[in-house]
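Could you walk me through this structure, stop by stop? I have it open in a viewer and would like to know what to select next and what is there.

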2 protein chains.
Amino acid sequence: MYSELNPPQRILMGPGPSDVAPQVLKAMATPLLGHLDPQFLTIMNDVMEMLREVFQTKNQMTIPMSGTGSAGMETVFVNLVEPGDKVIIGVKGLFGQRMVDVAKRCGAEVIAVEAEWGTIIEPAQIKEALEANPGVKVVALVHAETSTGVLQPLQEISQMTHSAGALFVVDAVTSLGGIEVGIDKNQIDACYSGTQKCLSAPPGLAPVTFSPRAGEVIANRKTPVQSWYLDLSMIQSYWGKERLYHHTAPITMNYALRETLRLVLAEGLENAFTRHQTLGSELQAGLVNMGLKLVVDAEYRLPQLTAVYIPEGVDDLSVRKQLLEKYSIEIGGGLGAFKGKVWRVGLMGYACNRRNVTVFLAALEQVLKEQGYRKP
Amino acid sequence: MYSELNPPQRILMGPGPSDVAPQVLKAMATPLLGHLDPQFLTIMNDVMEMLREVFQTKNQMTIPMSGTGSAGMETVFVNLVEPGDKVIIGVKGLFGQRMVDVAKRCGAEVIAVEAEWGTIIEPAQIKEALEANPGVKVVALVHAETSTGVLQPLQEISQMTHSAGALFVVDAVTSLGGIEVGIDKNQIDACYSGTQKCLSAPPGLAPVTFSPRAGEVIANRKTPVQSWYLDLSMIQSYWGKERLYHHTAPITMNYALRETLRLVLAEGLENAFTRHQTLGSELQAGLVNMGLKLVVDAEYRLPQLTAVYIPEGVDDLSVRKQLLEKYSIEIGGGLGAFKGKVWRVGLMGYACNRRNVTVFLAALEQVLKEQGYRKP
């Protein structure tokens, strides 16, 4: 009745998931160990060590949560925030909005600091919010805003956050592995990511890291964490020396994460950053050369996710359908305020290679031509 | 620095994960589709249709949540329960205790109905609790208690729950695919399971199903669901016709689930139940024949998970270590009240075959002999 699984092979150049390397796919076909097997303990240790290297941190509490990137976001807020806590959140796209939603569900008093989609949150805005709201517990920003392609500078806001005695939280879902996140360098207290962007594993795990200072805040909570599944006080005891059973770890996803981290570190983090920067710039130059307009100013433009305005008279869905059906290339549409207005083109992890840039630019040019688009 | 992934090949006869069929492992090596790709929509539809068959239900709201079985538990409670709601929970092992913990974190007023580990919750106990607590919203039971090997009868308690106007919730993590759960037949309003037990896919997804009545309760909530990640009002819009993006679905885990459901239905549910029953009985007879004592009375004994007392003078850890190192067979130790007192032997899904029963019994006999154990 149901046939064997045989999906078409795509080039995944949307906002994620990105293409997964053959070595990682192969690792996923490995027979399973139990989640308390000593051999799996070794794999868990490998994953934690390599995650620390990729996050550029010494944080002991660096583990993959058993859910996708959004579960990572929820992990950070349910563990750090207690009802009534004041939280400043920078909102310049969909994922900042999502943070607000998640934090409110934790009972936070949210101070949303907003900027137009496609721009950054200015340090002065956060400064003002910190001054107007004494006793803020957390300041949270999206590093690489996947809905707009904006790269948010972190350093200055990190400093003012710590001066105010607050914890600095960063969403690195789309940045980790593609551009420098630098947990320790940027003094980030809590950070979450996903496996399916620049790390190029399938979606299903959310790497998180917490500074010792964030760890103390968690240890000194007055109320229980509202999520049992994401309660770090218990999950730490499984990933730590005690090896206390909490929930059954997603074995195969951890195999995939181990393998993909191994590939990232074999290439070298700096080399991976350079590759994303070089090819992202080439892609962006190619789009501009076609007469298209990019959403984000050059200074704050992500290399791994480019938002480009859909030219007038061109049909969004039809172009994406042609790319998918004729060329088997996936790109993303706009979300929220950008729905129907922009395309989002990803160049993440394994998918970030010159062949993909070339074939995508040629395919888009052809499809746009068929839609009657002429370079202005 | 880190070598290629090459773990030893185990026979997984613990409380889960269980062994995964080669076809399912192979499916996990399939290149990824995007989570909004029309071809992935077809796969999602296949998964939902087949899950309904395996759950034996017509419930529209039948989907895999993006986490392990415990995320399924949390999904049910965060969506059905609002602060102050009265919830009766049957506690006869670790997973009943976990339900209490999860429900309390949702603000529920929990009435725990307890029974000794290794026994069932008697319908009369629930009747008494319902009479003593008018206005109960939910009655929740663990169908197959993984910490004790007890099979909880559902029919009678389901009827009294509905007579009292409450919703009937069942944990089917270890039962689904191994014994009949019968959602519609047993009038279960909400049920969650895991992929890594009798369905024999890797851990990472939690199939859930909700009756139309439970769906109404969710639709008429007065407070927001405290978990954004598990909020069904939004997740339904992704799995339903609207296809609204919520979070990135774990693509590869859904490939695995589709493939394993296909295998289960190709064998036939009834045939799978018979296989578990036959081989579970053979395993249990073999243990008794060795002079070992089973924890649960024959009437309420699960075929897929057998708890057996560790004989006096025999070292728990040493036996399990020998089984793992010499025979590459994993069994489980005891949890909670049963720690150090019982072993838990699984025969789930793909691992439930006669070769495994035979090799395990022979290996255990040998290891026990080396430990100086003599049949009484």
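Here is a short tour, beginning with the whole and moving on to single residues.

**Before you start**

This is a predicted model, in which local features need pLDDT of at least 70, side-chain atom pairs count only at pLDDT 80 or more, and totals for chains, interfaces and linings use all residues. Residues are numbered from 1 along each chain as its sequence is written, while chains are lettered from A and ligands numbered from 1 in the order in which they are written.

**Stop 1: the two chains**

Colour chain A and chain B separately.

Next, look at where the chains meet. In chain B, 57 residues are in contact with 57 residues of chain A (contact means that the C-beta atoms, placed from the backbone, lie within 7 Å). Elements giving two or more residues to chain B's side include helix H1 (22–28), helix H2 (38–55) and H9 of chain B (helices, H or I, have at least four residues and strands, E, at least two; both are DSSP runs numbered from the N terminus). H9(B) supplies the largest share of that side, seven residues. By type, the side of chain B that touches chain A has 27 nonpolar, 19 polar and 11 charged residues (Ala, Val, Leu, Ile, Met, Phe, Trp, Tyr, Cys and Pro count as nonpolar, Asp, Glu, Lys and Arg as charged, and the others, Gly among them, as polar). Because 100% of the interface residues of chain B are also interface residues in chain A, the copies meet through the same surface.

**Stop 2: helix H9 of chain B**

Select residues 251–267 of chain B. This helix, H9, has 17 residues and reaches 25 Å from its first C-alpha to its last, close to the 24 Å expected at 1.5 Å a residue (the expected span is 1.5 Å times one less than the number of residues). Of the 17 residues in H9(B), 13 are buried (buried means 20 or more other C-beta atoms within 10 Å of a residue's own, exposed 12 or fewer, and partly exposed in between, with C-beta atoms placed from the backbone).

**Stop 3: strands in chain B**

Now select residues 61–65 of chain B, which form strand E2. Five of the five residues are buried, so E2(B) is largely enclosed by the rest of the structure. Met61(B), Ile63(B) and Met65(B) point one way from the strand, and Thr62(B) and Pro64(B) point the other way. Five bridges join E2(B) to strand E10 (residues 206–210), and the two run antiparallel. One bridge to find is from Thr62(B) to Thr209(B).

Then show the open sheet of three strands in chain B, with the order E11-E14-E13 and antiparallel pairing (two strands pair if DSSP finds at least two bridges between them). E11 (305–309) and E13 (332–333) stand at the edges with a single partner strand each, so one side of each has no neighbour in the sheet. E11(B) and E14(B) pair over five bridges, and Val308(B) has Trp343(B) as its bridge partner in E14(B).

**Stop 4: two buried residues in chain A**

Is Val102(A) buried or exposed? Val102(A) is buried, with 24 other C-beta atoms within 10 Å. Find it in helix H4 (residues 94–105); leaving aside neighbours within four places in sequence, its contacts include Phe77(A) and Trp228(B).

Ile179(A) sits in the loop between strands E8 and E9 of chain A. Ile179(A) is buried too, with 21 other C-beta atoms within 10 Å. Gln304(A) is 125 residues from Ile179(A) in sequence, and 8.3 Å from it in space, C-alpha to C-alpha.

**Stop 5: backbone details**

Finish with the peptide bond joining Gly16(A) and Pro17(A): it is cis, with omega about 5 degrees. In chain B, the bond from Gly16(B) to Pro17(B) is also cis, with omega near 5 degrees. Last, select Ser328(A), which has a positive phi of about 55 degrees although it is not a glycine.

Note on methods: Contact = placed C-beta atoms within 7 Å.
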